[in-house]
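Student: Hi! Could you walk me through this structure? I'd like to start with the aromatic rings.

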Amino acid sequence: MATPSNVDGFRVIPVKFRVSSRVPHFLYVKQHQVRVEETEKPSDRTLLVVNVPPYCHQESLRQIFTKCGQVERVFLHEKPTSSWSAPRWRHFADEKTPKGFRVAYVVFKQAKSVKKAMNLSSVECVSLSSEEHPLQTGLAEWCNDYAEGAVDAVALQSEIDEYFSEYDSRVQQEKHAAREMENVPDEEGWVTVSRFGRRPVTARTEAQQQKVVTKERRKRSQKELLHFYTFQLRESKRENLAELRRKFEEDKRRIAMMKQARKFRPY
Amino acid sequence: MSSYQIFRHALVALADSKWDEEGIHLHNETQVDEHRPTVIDHHMYFDVVFVDSTGYCNLTANLSKLTYHQARHEAQTCMSFIDRADLDSFQDLFMQRVSFYRTFDYVIRINSLHNRKDLIKKCVLEDRLMDRMDHYGRALMPTVIETLEKGMHGRLVMMAFELKPTEEWSVDDAPPESYMDSPFNLGLLVEMSSFDGLVIRGPPADSTEAERFRSFWGEKSELRRFQDGAIVEAVTFDGTSVADRRRCIEKIAQHLLKRHLSIDPAAVHLIGLSFDSLITWPTQLPVTCHGTGEEQQLDVIRVYDMLNKLLREISGLPLGISSISGVSPALRATETFPPIPVSVSFGEIKGDRMVPQADTVCPPFIPSLQVLCHFEISGKWPDDAEAIRRMKAAFQLRLAALLKKENLVAIAYPHCTLVYYEGYVFRIVVAYEKEINVLKQVRSPDGMLKLVDSEEATVLERDTVHLPKLASAIHGLQQQNKCFSSVLRLAKRWIAANLLFDYIKEEAIELLVAYLFVCPAPFTVPGSAHCGFQRFLSLVANHDWNVFPLIVNFNNELSSKDLAEIQTGFTSIRSQFPPMVILTPYNRTSAIWTRGKPLASILQRMALLARESLQLLDETLSKPILEEGNFLVPFLPALNVYDVIIHLNVSKCPRGYQAVQLSPDTVYPPALSANKTVKQLPVTDFDPVELYVNALRKAFDEVAMFFYDPFGGSFVAVVWEPNAFKPQPFKISHMQFKMIDPSSKGKEGVMVIPNVEAILEDFKILGEGLVKSLEIHSIKPAI
């Protein structure tokens, strides 16, 4: 039975790796629709493509969809996402080009191209790798990846320098702002202290807090009289009993487990 | 006295006894009986003396000296374990079946002797044969043992004779052939420091003993002058590699038994070296010493030490180096196949490094050896995770520039520096201790800084704090025990050969083997790869991971109180731990080496495979005729359980020479040429097979599991994931590699299923140039 051409509002487009490939994968395409509009992916001109095979590049998607009109940009993501920001730092980018099966967003120049794309043939197989635009996979791709892994020391150094000049000015600014705000009360009269002020304060960390709390507790326990009031005696007795019970239960559980684990069963 | 106390006393008495020299008796000496023989009289006729209350009957009359020594040795070992808190001594001492081949480091097997009657005549042992009721083995044994003990003096801790139950036969029949003549086994516990010595120094040439020494060793004995000036009789054996030296005891046994008992050398075998072939370098490899790689490992460590020195002497870094630790297995001699030095560059020159090319010969596999470099703490380090990353990269750049000044090939990357040094590539990684804390810091809404465990911080802590500690503990263990490294390498080889290597962390395997050396109960510390490997299999097969964590108590750092605490902590929160739990003094409460890997199913499979392998080995060893080929069987995986087998082009697998069975197409790395200077960084860490499997996993992780042998495997085995094959409703986020189920047109709407035909084609497309063919057993999961 033939595959239906439309599913759930998606157009089904079969694609093959090359002409001689036997079995196609299916791209599912649909107009991009989101509640929050993004400037890079305007919903009227953007096509969402699902199930993009691992060997399919931006260039090959461009090839497929130029039939419907000029393509402005192609985005590839691991998961459907509406946001996108250009990676600023080349050497410290979190996201490398996603591998595996992905989703793509194809942004056309004109809105009518999207409609055209929705009417692409779902019978005719498109091949991704052609004579003019061969796709690299396997050994050739890995060799290519290896070559592209080169890092230029000068470029890296200048990127680091750029980051640090920015970082230093940011830190400086923070310091400056903190000094400015010293002893300046806000509308409710509170004063914010920081470690950059004239009289630095200790950082507010969990460890610090813990220290203070234990110190307080120790102080209080020194002052406290033990086993003085009747209720204290009663409470400590009750606690002892509870502790005993808990230990007994624990031991029981442990013995049960040991019995279960024992391989030696003489009777 | 409690029964335990009586048992303990009996053991102590046996452990300290000397019944072969000063026998004991039970009779009352105040009763005078002039006919009663003294203990000394008994010693004249018996090896071991323990006289009963009458004073006439030696209870141990039929006990051979060797068996008595073995019992005494067992008592001594038992005593050393019985008080240890880190062992479940009852379980280990009483509940485990102790196999002969797992107890002894080496076993000398003497096969059926065709000339046994002549032998008895020659040695004038007719009386003894009659005493032993025509059991030739038992009649000849004392002579054989006496000869061997003399010849192997100083090499052995103990020798023991394997006792086998005698089979029954009808009174009317003659005893079966197997009774009179079955192969007999002698177990050897060797002295690790001296058992493989190539030279036996005899008495000075002019002394009276020289004649005796000469007549004992025969033509092997020759007059030699040693470096200290002494001229003595000596026996020498040839051998260059460590592997050859281990054969020494076999050579001694064959020579002496031939000389004194005319036993054919072909009938004398040393069992204990059968697995060496798995970690032996093929002769085509350009290494100086074709042994089992011990020499190569020492060479890697030697070069690493040189690099270490160089790094410490380097000047011009903004901060001093506080510590350097090599964390790659090769730097603690535990890599199954240590790297081979390469100097010839392969591929195309691009800037300061070589780049592989798809259409030419695949460059040899050069692993980079990771070295962690901690710098001194300074207030100038930034306290922001992103900034620390940049700062570390700046350090890498500076380090690479300084190394270049030393005329080394060094390239900086944001995360590491690769440096080519004396034939090896090292990966130097800058680490900063505070980074872990910075990564953990989270500011809560009320402005407080909290430390929260994050995935990234945990991984960083494991790799920069725990790994160096573990590496040095393992390296220490390796230096104490000569054969630790070979047992470990075999263990890794076995797991890899069974295609499970990347489903378990390498450190976990190292800890499993380390446990055998730290807690060898009920045995002594393994002295050969053969017995160590069998014990490893038995540990994997029998450990109950659900109830007990495996605690590797390095240097006895954990006291019995600590151990009890760990055990109770473990029991109460078992479900929060991964299926396999290995704890050490450095990670008492968290199973950092087994988190995430292995999965319960993999652990179960490993145990099953270990059980089967062990059974197979036991069968092979119990057969009278030893078939060396059978020892390889546990290392050959059964492929019929997998759904698809992807066969690879062996000529494109640079690690092909590490395979269990070599193929004729295997490529070997080229020889090291001494006078060629390397100007470009060779192709590093480029293993097409690994890259292929990674690409497959990245794309088809949800639909299948991929198994392969990183050590020269020439195929990838695939198992379909049953859950992925259930028809699912159409959903954007789950449409990868799916097609519309043509049969679904019901009420539930359109359903989708994996596009198996296309996936199979993708297997070929993704590995173009590497994949040879697909062998499809099933296009659906078995269940």
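Tutor: Happy to! First a definition: rings of Phe, Tyr and Trp (its six-membered ring) pair if their centres lie within 6.5 Å. Also keep in mind that this is a predicted model.

Student: Which residues do ring pairs link into a cluster?

Tutor: The cluster joined by ring pairs holds A:Phe101, B:Phe700, B:Phe706, B:Trp720, B:Phe725, B:Phe737 and B:Phe763.

Student: And how many aromatic pairs does the structure hold over all chains?

Tutor: There are 44 aromatic pairs over all chains. Take A:Tyr146 and B:Phe686: their ring centres are 5.8 Å apart and their planes are at 75°, so this pair is edge-to-face. The pair crosses between chains, with A:Tyr146 in helix α3 of chain A and B:Phe686 in the loop between β21 and α22 of chain B.

Student: Is A:Tyr146 buried or exposed?

Tutor: Buried, because its relative accessible area is 13% and the cut-off for buried is under 20%. B:Phe686 counts as buried too, at 4% relative accessibility.

Student: What sits over the ring of A:Phe75?

Tutor: That is the charged end of A:Lys41, 5.3 Å from the ring centre. In chain B, the charged end of B:Lys150 sits over the ring of B:Phe216, 4.5 Å from its centre.

Student: New topic: nonpolar cores. How many residues has the largest one?

Tutor: The largest nonpolar core has 141 residues, and those with the most contacts inside it are B:Leu403, B:Phe426, B:Phe536 and B:Phe554. A second, separate core of 65 residues includes A:Ala104, B:Leu648, B:Val716 and B:Phe725.

Student: Then what about B:Phe7, where is it?

Tutor: B:Phe7 is in helix α1 of chain B. With a relative accessible area of 30%, B:Phe7 is partly exposed. Leaving aside neighbours within four places in sequence, B:Phe7 is in contact with B:Ile82 and B:Phe94.

Student: And A:Arg11, is that buried or exposed?

Tutor: A:Arg11 is buried, with a relative accessible area of 12%. You can find A:Arg11 in strand β2 of chain A. A polar atom of its side chain lies 2.8 Å from the backbone oxygen of A:Leu120.

Student: Last one: how many helices and strands are in chain A?

Tutor: Chain A has six helices and seven strands. Its radius of gyration is 34 Å, whereas a compact globule of 267 residues would have one near 18 Å. The C-alpha atoms of chain A fill a box of roughly 95 × 80 × 40 Å along the principal axes.

Student: What share of its residues count as buried?

Tutor: In chain A, 33% of the 267 residues count as buried.

Terms used. Residues numbered from 1 in each chain as written. Chains lettered and ligands numbered in written order. Predicted model: local features only at pLDDT ≥ 70, side-chain atom pairs only at ≥ 80, totals over all residues. Heavy atoms only, no water. Phe/Tyr/Trp six-rings, centres within 6.5 Å; stacked < 30°, edge-to-face > 60°. Helix = DSSP H or I, 4+ residues; strand = E, 2+ residues; numbered from the N terminus. Buried < 20%, exposed > 50% of the residue type's maximum accessible area, 1.4 Å probe, protein only. Lys NZ or Arg CZ within 6 Å of the ring centre and 35° of its normal. Polar contact = N/O pair within 3.5 Å; in protein donor to acceptor, adjacent residues only side chain to side chain. Core = buried A, V, L, I, M, F, W, Y, C linked by side-chain atoms within 4.5 Å. Contact = heavy atoms within 4.5 Å. Rg over C-alpha atoms; globule rule 2.2 N^0.38 Å.
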